[in-house]
Amino acid sequence: MSKRFLFLAAAIVILTLSSSCEKDDLCASEFAATPRLIIIFKDQLNPLLTKAVTSLQVREVGQTAFAPLNTMGATVLTAVDSIAIPLKFDTAGTHYEFIRTDAAGVENTDTVTFTYELGEVYVNRACGFRAIYNNVIATVAQETPVSRWVQSATTLQPNITSNAAAHVEIRH
Amino acid sequence: MFLAITAVAQTPESTIATDSVAFKSTYGLRIGIDAASLLRTAIDDNYTGFQAIADYRINKRWYAAGEIGTEQVDQFNERIDASTSGSFIKLGADYNFYQNWLDMDNMIYAGMRVGYATFGQELTRYDYYQDNRYFPIPTNEVSQEFSGLSTIWVELQAGLKVQVLTNLYLGVNVHLRRSVVQNQPNTFNNLYIPGFGRTYDTSNIGVGYGYGISYRIPLFKK
């Protein structure tokens, strides 16, 4: 009889130990994160042509830190014709300053406001949810006297659900 | 596990039955509880569960078997907190491989079950998966209910039951499960299924174990 109890006890210990090693629940990077706003820069005189910005930095109005312009986290890019910037999860939208530095080192700051409707999609247990942005509208702030380098901002793809294609075109 | 099984099978009996003595097996309904659920309820603050187990001997080898129970589990992940609660039933049969000596009444068995769970989930917190930290990542404290969920699965069981006193049995068992039909919310997933266990994003396999304490109500011998 005591032998039987021993076997049972051994089996119980083994089962309890094995059940405590669960697979780690880490969010793998291949799952889609919250998409970014992808902006392409075009020539205002011939919008079929891309036109690179000499040197560009972007930051939210009121912040001192610059926003990441690509998934590598660069905050300043030179000769850049497209950027991917994060959007704020806020019903008031995101107010960005686009700071261009030309070849002569002269800065020109224009403000563009992006408004949108917020949405969300379940990803998985480890990654949680991702935000999506619908009906994106880009508005370039007026300046007097007019010294804007950004001539216009047009929505190409109003629903930002992935990083696969450009969402907004800026002509300059 | 295998060492234990082999050792039980080799336990010798000192007396050898003569041909003229025939030992009869007891037949009856064996009912009990799963001590593993009770143990976990006592130890784990995020778990409450109860499971009743039963089997009925059909012949020398075969038993009709089943389990019924409830579970309530709170899960805390990096970006999602949710709780699941509901009940389940499992029905099937066990086959006893163990050759009992004399009047012994032990089991080393394998069995199959079909399980059905009906449950609800509540999402209590979630975060957004971001690839940068330029903007603060909002945490959503919510109370979002997903009710009327269900799952059907098939399950393989293996285990042993040892008679420790007349008609009183202790057992251990392990389960391997595969979900067949899952009724999931449109905007969320079933993170835990009562009776099935936690789910995985990459497979529909579940595992589990139990410690049974059961009593056989003896009905007849043959």
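Two residues are in contact if their C-beta atoms, placed from the backbone, lie within 7 Å. The structure shown is a predicted model, in which local features need pLDDT of at least 70 and side-chain atom pairs count only at pLDDT 80 or more, while totals for chains, interfaces and linings use all residues. Residues are numbered from 1 along each chain as its sequence is written, and chains are lettered from A and ligands numbered from 1 in the order in which they are written.

**View 1. Overall build of chain B.** Chain B contains two helices and 10 strands, where helices (H or I, at least four residues) and strands (E, at least two) are DSSP runs numbered from the N terminus. The order of its elements from the N terminus is α-β-α-β-β-β-β-β-β-β-β-β. With a radius of gyration of 22 Å, well over the 17 Å that the globule rule gives for 222 residues, chain B is more spread out than a compact globule; the radius is taken over C-alpha atoms, and the rule is 2.2 Å times the number of residues to the power 0.38. Along the principal axes, the C-alpha atoms of chain B fill a box of roughly 85 × 30 × 30 Å. Of the contacts in chain B with a separation of 6 or more, 63% are between residues 24 or more positions apart. Buried residues account for 32% of the 222 residues in chain B; a residue is buried if 20 or more other C-beta atoms lie within 10 Å of its own, exposed if 12 or fewer, and partly exposed in between, with C-beta atoms placed from the backbone.

View 2. Strand 4 (residues 80–96) and strand 5 (residues 107–127) of chain B run antiparallel and are joined by 17 bridges; two strands pair if DSSP finds at least two bridges between them. Within this pairing, B:Leu91 stands opposite B:Val114 of strand 5. Strand 5 of chain B is also joined to strand 6 (residues 139–165), again antiparallel, by 19 bridges. Here B:Leu123 has B:Gln144 in strand 6 as its bridge partner.

**View 3. Strand 10 of chain B and its partners.** Strand 10 (residues 205–221) of chain B pairs with strand 1 (residues 26–34) in the antiparallel sense over nine bridges, and B:Asp34 has B:Gly212 as its bridge partner. Strand 7 (residues 168–183) of chain B pairs with strand 10 in the antiparallel sense over 11 bridges. In strand 10, B:Tyr211 stands opposite B:Val172.

**View 4. Five-stranded sheet of chain A.** Chain A has one helix and nine strands. Five of the strands form an open antiparallel sheet in the order 3-2-5-6-7. Strand 3 (77–80) and strand 7 (128–140) stand at the edges with a single partner strand each, so one side of each is left without a neighbour in the sheet. Neighbouring strands are turned by 40° against each other on average, direction ignored; axes are lines fitted to C-alpha atoms, for helices over the stretch in contact, and angles run from 0 to 180 degrees between N-to-C directions. Strand 5 (residues 94–101) and strand 6 (residues 107–124) of chain A pair over eight bridges, with A:Thr113 as the bridge partner of A:His95.

**View 5. Four-stranded sheet of chain A.** This open sheet has the order 4-1-9-8 and mixed pairing. Its edge strands, strand 4 (82–85) and strand 8 (152–155) of chain A, each pair on one side only. The twist averages 25° from one strand to the next. Strand 1 (residues 37–42) of chain A runs antiparallel to strand 4 and is joined to strand 4 by four bridges; the bridge partner of A:Ile40 is A:Ser82.
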